[in-house]
Amino acid sequence: MTKIFEPHRWFRNRHIQTCLPTLLARMTPALPFAMEPIYLPDGDLIELGRLGQLDAPAILLMPGLEGDVTSPYIQSVSRALSAAGWQVLVMHYRTCGNTINLQAKSYNSYNYDDLHFFLDDIKQKFNLQPEIAIGFSMGGNLLLHYARHYPKAFKQMITISTPFDMHETAKYLPRVYEKRFLQSFKGKIKRKLKLGVDLPAGRRELKRVKSLFDFDRFFTAPIFGHASAEEYYDYSSCAPFLADIATPTHMIFAEDDPFIPSHSIPEDLNAPHVTLEIHKEGGHVGFLAHKNSEGNPYWLAQRLIYLLQHEFSLSPT
């Protein structure tokens, strides 16, 4: 396959690239993921999604913000990986998927405590130990933070459309996408307040939330022990520590990503174990091309299979 992404001539707009996969996913039957509950030490719940042969080598997929097994990028990539013989594992964060979150703590873009427990739990219960992890958007950022502290956890990592600078991403995100995330976040906070969950802010502050920065200022930052949203963004951003990553990591980006400003992509990456693959177009976790011989327009899924088989020499058999 071509290593350079060429968008479909009708799908060159970055917003079309970002949004159209969601519409296409609704036209395709959802994959039959088997869901397993994972009970956390504090009594909360997350989920493991499994697809493919149970005895096949496993690849872990980490969704983006508010993502789950039904997310279009998870569906298209999982379909390609399972067809190639891999077993696909998906981690659902607190409040995502079918989980009910009754703790003040939910998830954020760097806290890997739940991921660490998740990996240990699925190893003990199901003898699952994925050597490859693929993170989408925020999920990629979470993987990078984890690999910084646990460099031997995975043999190889791939991230797609992962922000480098959380400050810049928060300022750059178009309002139409921001409103969608806020609707979901605020709905979950309202549910927690109704159930009497102790939160650092209440309904008065929730009414003042008009942006993701506001939400992080009133809720995310204080819940995770930060004095401000700015401090939380400083701690979350992956660019300052990419040189410390010892796990071989391949990062895929599009310069027209509507979530990530191109000026935040490091020009001089001094990270010997990190490879940047940058395309002119593709949107945010989009990369819709002309259909291949199998009628598949999802270039990203094909690219991941190619990387695994040809660049990393990894095979499920």
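Modeller: A residue is called buried when its relative accessible area is under 20%, exposed when it is over 50%, and partly exposed in between (1.4 Å probe, protein chains only). The model is predicted, so local features need pLDDT of at least 70 and side-chain atom pairs count only at pLDDT 80 or more, while totals for chains, interfaces and linings use all residues. Residues are numbered from 1 along each chain as its sequence is written, and side-chain values use heavy atoms, with hydrogens and water left out.

Cys-238 has 0% relative accessibility and therefore counts as buried. Cys-19, at 35%, counts as partly exposed. A disulfide is a pair of cysteine sulfur atoms within 2.5 Å, and the count here is zero. For Cys-19, the nearest cysteine sulfur belongs to Cys-96, 19 Å away. The sulfur of Cys-238 also has that of Cys-96 as its closest, at 20 Å, which is too far for a bond.

Now the sheet. Strands (E, at least two residues) and helices (H or I, at least four) are DSSP runs numbered from the N terminus, and two strands pair if DSSP finds at least two bridges between them. Eight strands form an open sheet in the order 1-2-4-3-5-6-7-8, with mixed pairing. Strand 1 (34–39) and strand 8 (274–279) are at the edges with a single partner strand each, so one side of each has no neighbour in the sheet. Strand 7 (residues 249–254) runs parallel to strand 8 and is joined to it by six bridges. In this pair, Thr-249 stands opposite Val-274 of strand 8.
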